[in-house]
Amino acid sequence: MNEVVTVTLALAVGTYAFRLVGPALHGRVTVPPRVQELASAGAVVLLVALLATGTLTESGGFAGWARPAGVLVAAALAWRRAPFATVVLAAATTTALLRLTGTR
């Protein structure tokens, strides 16, 4: 067995084990409210970090201003509860138009 198959199987077994732990321990282990709050805050922080790195970086450098502008338009429309298709199309259009004008 090569290394890729071994690592893939190990990750599959680990993922399946995590999925089994939830139902198996439900009701037996109580998580304090403070830990639940920290876990929720941690999830938000990770999502914001992912958004920031995906928006602002490309190939180890600054991605330019067109992409963050598109994300900003998408965020504004999502905040106003616009339909998902509208949000995506507006963000893509904003980014494309800025790139057509030469804004990187």
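These legends walk you through several close-up views of a predicted model. Because it is predicted, local features need pLDDT of at least 70 and side-chain atom pairs count only at pLDDT 80 or more, while totals for chains, interfaces and linings use all residues. Residues are numbered from 1 along each chain as its sequence is written, and side-chain values use heavy atoms, with hydrogens and water left out.

**View 1. Arg 34 and Glu 37 form a salt bridge.** A salt bridge is a side-chain nitrogen of Lys or Arg within 4 Å of a carboxyl oxygen of Asp or Glu. Here the N to O distance is 3.7 Å. Both residues belong to helix α2 (residues 33-56), three residues apart, so about one helical turn separates them. Helices (H or I, at least four residues) and strands (E, at least two) are DSSP runs, numbered from the N terminus. Arg 34 is exposed, at 52% relative accessible area, and Glu 37 is partly exposed, at 48%. For these words, buried means under 20%, exposed over 50%, and partly exposed in between (1.4 Å probe, protein chains only).

**View 2. Glu 58 pairs with Arg 67 in a salt bridge.** The structure holds two salt bridges, and in this one the closest N and O atoms are 2.4 Å apart. Glu 58 is partly exposed, with a relative accessible area of 43%. Side chains of opposite charge can pair when their charged atoms come close.

**View 3. Thr 95 is a buried residue of helix α4.** Helix α4 covers residues 84-100, and Thr 95 has a relative accessible area of 15%. A polar atom of the Thr 95 side chain lies 3.0 Å from the backbone oxygen of Ala 91. Leaving out residues up to four places away in sequence, Thr 95 touches Ala 66, Arg 67 and Gly 70; contact here means heavy atoms within 4.5 Å.

View 4. With 23 residues, α1 reaches 33 Å from its first C-alpha to its last, close to the 33 Å expected at 1.5 Å a residue. That expected span is 1.5 Å times one less than the number of residues. Pro 23 has its place in α1 and is exposed, with a relative accessible area of 63%. The C-alpha atoms of Pro 23 and Ala 43 are separated by 21 Å, with the two residues 20 apart along the chain.

Methods
A polar contact is a pair of N or O atoms within 3.5 Å; within protein, one must be able to donate a hydrogen and the other to accept it, and residues adjacent in sequence count only if both atoms are side-chain atoms.
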